[in-house]
Amino acid sequence: MFGIFASNPLYCRASGAFDPDVLDAGQARDYLRNDIGMDGCSALLARIDRGRAVAYLSLPARHPKDGLPWVMELVVHGEMQGRGIGGRLTKHAEDTFRATGAGTARICVLEQTPPAREFWAALGWRAIRQGVPNENGRVVIVMEKSLTGA
Ligand SMILES: CC(C)(COP(=O)(O)OP(=O)(O)OC[C@H]1O[C@@H](n2cnc3c(N)ncnc32)[C@H](O)[C@@H]1OP(=O)(O)O)[C@@H](O)C(=O)NCCC(=O)NCCS
């Protein structure tokens, strides 16, 4: 997991969660602990060839602010982006939420990372709120997707 974040320095800086120049495995572990401490949260570390970790995904079933399921974090290793991994994990997240009967899911995207916003938009998520400050004082866009196909 440490390697996944370390290979995404722009994202780390933009999110305010990590300083990529001083990032260490202990910080990544604390971050993971915080994620899985959320209500009903499952965290997934995707591996290829039963070896190298290539992506991290965390899915709280009920976000403390609105009770909806969220994709809290999706980060693909910097060397493995653009190969369909993020898209497959997003489908996994949507299927997981749908299986619980959820009709809507949300994510937040940093305003400073337009490619991530385009990624979500390409997968059918739409912006519902802009200019929202996150817990690290960064500005995010909240995006939403209907899981019912309506
Ligand atoms: C954003 C991120 C998760 C995307 O994962 P990825 O594995 O590179 O994306 P994929 O290769 O699975 O792309 C899935 C689809 O999105 C589209 N897409 C991806 N990036 C895009 C972009 N910048 N603009 C338009 N479409 C884009 C792809 O074309 C693809 O569509 P297709 O299946 O029809 O070809 C990854 O780049 C990442 O980890 N970025 C850093 C962390 C981050 O910003 N995470 C998001 C937090 S909100």
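What radius of gyration does the chain of 150 residues have, and how does the value stand against that of a compact globule? The radius of gyration of the chain is 15 Å, which agrees with the value near 15 Å for a compact globule of 150 residues. The radius is taken over C-alpha atoms, and the globule rule is 2.2 Å times the number of residues to the power 0.38. The structure is a predicted model, in which local features need pLDDT of at least 70 and side-chain atom pairs count only at pLDDT 80 or more, while totals for chains, interfaces and linings use all residues. Residues are numbered from 1 along each chain as its sequence is written, and side-chain values use heavy atoms, with hydrogens and water left out.

Along the principal axes, the C-alpha atoms of the chain fill a box of roughly 45 × 35 × 30 Å. Five helices and seven strands are found in the chain, in the order α-α-α-β-β-β-β-α-β-α-β-β from the N terminus on. Helices (H or I, at least four residues) and strands (E, at least two) are DSSP runs, numbered from the N terminus. Of the 150 residues, 39% are buried; buried means under 20% relative accessible area, exposed over 50%, and partly exposed in between, with a 1.4 Å probe and protein chains only. Among contacts with a separation of 6 or more, 51% are between residues 24 or more positions apart, a contact being heavy atoms within 4.5 Å.

The chain exposes about 8,200 Å², of which carbon and sulfur atoms supply 52%. This area comes from the Shrake-Rupley method with a 1.4 Å probe; for residues, only the protein chains shown count as cover. There are 18 positive and 16 negative side chains, and the centres of the two sets lie 5 Å apart. Lys and Arg count as positive and Asp and Glu as negative, whereas His and the chain ends are not counted. Each charge is placed at NZ of Lys, CZ of Arg, CG of Asp or CD of Glu.

Strands of a sheet pair through backbone hydrogen bonds, either parallel or antiparallel. Two strands are taken to pair if DSSP finds at least two bridges between them. An open sheet of four strands has the order β3-β5-β7-β6, with mixed pairing. Its edge strands are β3 (70-71) and β6, each of which pairs on one side only. β3 and β5 are parallel and share two bridges, with Val-71 opposite Ile-107 in β5. Strand β5 (residues 104-110) pairs with β7 in the antiparallel sense over seven bridges. On the other pairing of β7, strand β6 (residues 126-133) is antiparallel to β7 over five bridges. Val-142 in β7 stands opposite Cys-108 and also opposite Arg-129. Six of the eight residues of strand β7 (residues 139-146) are buried, so this strand is largely enclosed by the rest of the structure. The hairpin of β6 and β7 has five residues between the strands, and Gly-137 takes a positive phi near 80° there.

Strand β1 (residues 42-47) runs antiparallel to β2, and six bridges join the two. Ala-46 has Ala-55 in β2 as its bridge partner. β1 and β2 form a hairpin with five residues between them, and Asp-49 in the turn has a positive phi of about 50°. Strand β2 (residues 53-59) is joined to β4 by four bridges, also in the antiparallel sense, and Ser-58 stands opposite Glu-73 in β4. β2 is mostly covered, with seven of its seven residues buried. In strand β4 (residues 73-76), Glu-73 and Val-75 point one way and Leu-74 and Val-76 the other way, and all are buried.

Ala-14 lies in helix α2 (residues 9-15) and, at 7% relative accessibility, counts as buried. Apart from neighbours within four places in sequence, Ala-14 is in contact with Leu-110, Gln-112, Thr-113 and Arg-138. Ala-14 and Arg-33 are 19 residues apart in sequence, and their C-alpha atoms are 21 Å apart in space. Ala-116 is placed in helix α5 (residues 114-122) and counts as partly exposed, at 26% relative accessibility. Ala-116 and Leu-74 are 42 residues apart along the chain, with 9.9 Å between their C-alpha atoms.
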